[in-house]
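Reader: I have a two-chain model to go through. Can we start with the sheet and then take the interface?

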Amino acid sequence: MTRTLTVEGEGSDDDVVIPLTTAGSKTAPSRDVPSGMTKIVRIIAGVSADLVAAGSAVVFLRLGGTGVRGGEQTVVLGAIGGQIPDDDSSGMESHLSLDVDIDVQQADQIDLELDFAGDDLGEHGGVVTIIFA
Amino acid sequence: MGKQYRSTSVEVTDANSKTQMTTQGSKGTITPIKVPAGKKTLESVFIAAAGNNATLGQAHAFIRLEGDGLPGGPETLAVTAIGATKIVGPIHHMDAVEEPLGLVATPGNEVEVYGEIAGTVDPGQISIGVTLVFV
């Protein structure tokens, strides 16, 4: 049996964390580890930037809080870069899935945050789903 | 027992210049990555890279894994290749991929991670991110 938690967030400054605490119309979904779950087994995510500023950056996801056993875990989700798009430029889309094995503590809260590391790329953000088992 | 994940990144601006990864975004310079206690294998890496397309041409990015945390010796891993004929646009983007490695690791010892780019011309800047997965 599995359970999911999905959160999203956005920001505009590089090297400044984006806490992931909302999920669209659901302003503050519970981030407590569900009963009976002992691990995070998969991360699904999409990350993006509008490139109103040129540069390149790597996107990290941090998983912390008392809900994560063994200390804070940080994983790379992707990288984005380019020059300021002109009228003919394309956009971007992102979807990734990563199998993981992170021990969690039932009933404790997991803190998730994105960190765009590198250059300021303009508005940026993402959505993350973690799957518990 | 769960796995342990350690991440870092770098912006590489010069071709054929090995550049150590020592930062992690808002955390700035992080302590050197050491093999966590009780972990004896670098099972895999998550990798991603993207360039800022500041100059025309093509380039490729790779990482080097070194240090006494890897008793089997240094390893090199390809990450991506990019190219463009026009500086303005397109947006370069790469979602992270996991590559299995299965390298013997020594708990408590350091793993040094380096990024490097190469190509026909300096490609501008490429950001490279790496997660080391220890088990």
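Author: One term before the sheet: two strands pair if DSSP finds at least two bridges between them. Keep in mind that this is a predicted model.

Reader: Fine. What is the strand order in the open sheet of five strands?
Author: The order is β2(A)-β7(A)-β4(A)-β5(A)-β6(B), and the pairing is antiparallel.

Reader: Which are the edge strands?
Author: β2 (18–19) of chain A and β6 (92–95) of chain B; each of them pairs on one side only.

Reader: How many bridges between β4 and β5 of chain A?
Author: Nine bridges, in the antiparallel sense, between β4 (residues 55–64) and β5 (residues 73–82) of chain A. As one position in that pairing, R62(A) has T74(A) in β5(A) as its bridge partner.

Reader: And how many bridges join β5(A) to β6(B)?
Author: Four, with the two strands running antiparallel. There, I80(A) has H93(B) in β6(B) as its bridge partner.

Reader: On to the interface. How many residues of each chain are in contact?
Author: 47 residues of chain A contact 41 residues of chain B. The area buried between the two chains is about 3100 Å², and carbon and sulfur atoms give 52% of that.

Reader: Which residues of chain A lose the most area to chain B?
Author: V76(A), A79(A) and Q83(A), which together make up 17% of what that side buries.

Reader: What about salt bridges and polar contacts between the chains?
Author: The count is one salt bridge between chain A and chain B. The side chains of E72(A) and K27(B) form a salt bridge at 2.3 Å, N to O.

Reader: Which elements give two or more residues to the chain A side?
Author: β3 (39–49), β4, β5, β6 (96–103) and β7 (111–118) of chain A. β5(A) gives the most, with 10 residues. By class, that side of chain A has 20 nonpolar, 15 polar and 12 charged residues.

Reader: Now S7(B). Is S7(B) buried or exposed?
Author: S7(B) sits in strand β1 (residues 4–12) of chain B. S7(B) counts as buried because its relative accessibility is 2%, and the cut-off for buried is under 20%.

Reader: What does S7(B) contact, leaving aside neighbours within four places in sequence?
Author: Residues of both chains: F60(A), T74(A), V75(A) and V76(A), plus Q24(B), I30(B), I33(B), V130(B) and T131(B). With T131(B), there is a polar contact between the two side chains at 2.7 Å.

Reader: And A84(B), where is that?
Author: In strand β5 (residues 75–84) of chain B. A84(B) is buried, with a relative accessible area of 15%. Not counting residues up to four places away in sequence, A84(B) touches N53(B), L56(B), G57(B), P90(B) and H92(B). The C-alpha atoms of A84(B) and A59(B) are 9.5 Å apart, while the two residues are 25 residues apart along the chain.

Reader: Last topic, backbone. What is the phi of D15(A)?
Author: Near 55°, a positive value in a residue other than glycine. D15(A) lies in the loop between β1 (3–11) and β2 of chain A and is partly exposed, at 30% relative accessibility.

Reader: And L51(A), where is that one?
Author: In the loop between β3 and β4 of chain A. L51(A) is not a glycine, but has a positive phi of about 55°. At 0% relative accessibility, L51(A) counts as buried.

Methods:
Residues are numbered from 1 along each chain as its sequence is written. Chains are lettered from A and ligands numbered from 1 in the order in which they are written. This is a predicted model: local features need pLDDT of at least 70, side-chain atom pairs count only at pLDDT 80 or more; totals for chains, interfaces and linings use all residues. Side-chain values use heavy atoms; hydrogens and water are left out. Buried means under 20% relative accessible area, exposed over 50%, partly exposed in between (1.4 Å probe, protein chains only). Contact means heavy atoms within 4.5 Å. Buried area is the accessible area (1.4 Å probe) that two parts lose on being put together, summed over both. A salt bridge is a side-chain nitrogen of Lys or Arg within 4 Å of a carboxyl oxygen of Asp or Glu. Ala, Val, Leu, Ile, Met, Phe, Trp, Tyr, Cys and Pro count as nonpolar, Asp, Glu, Lys and Arg as charged, and the others, Gly among them, as polar. A polar contact is a pair of N or O atoms within 3.5 Å; within protein, one must be able to donate a hydrogen and the other to accept it, and residues adjacent in sequence count only if both atoms are side-chain atoms.
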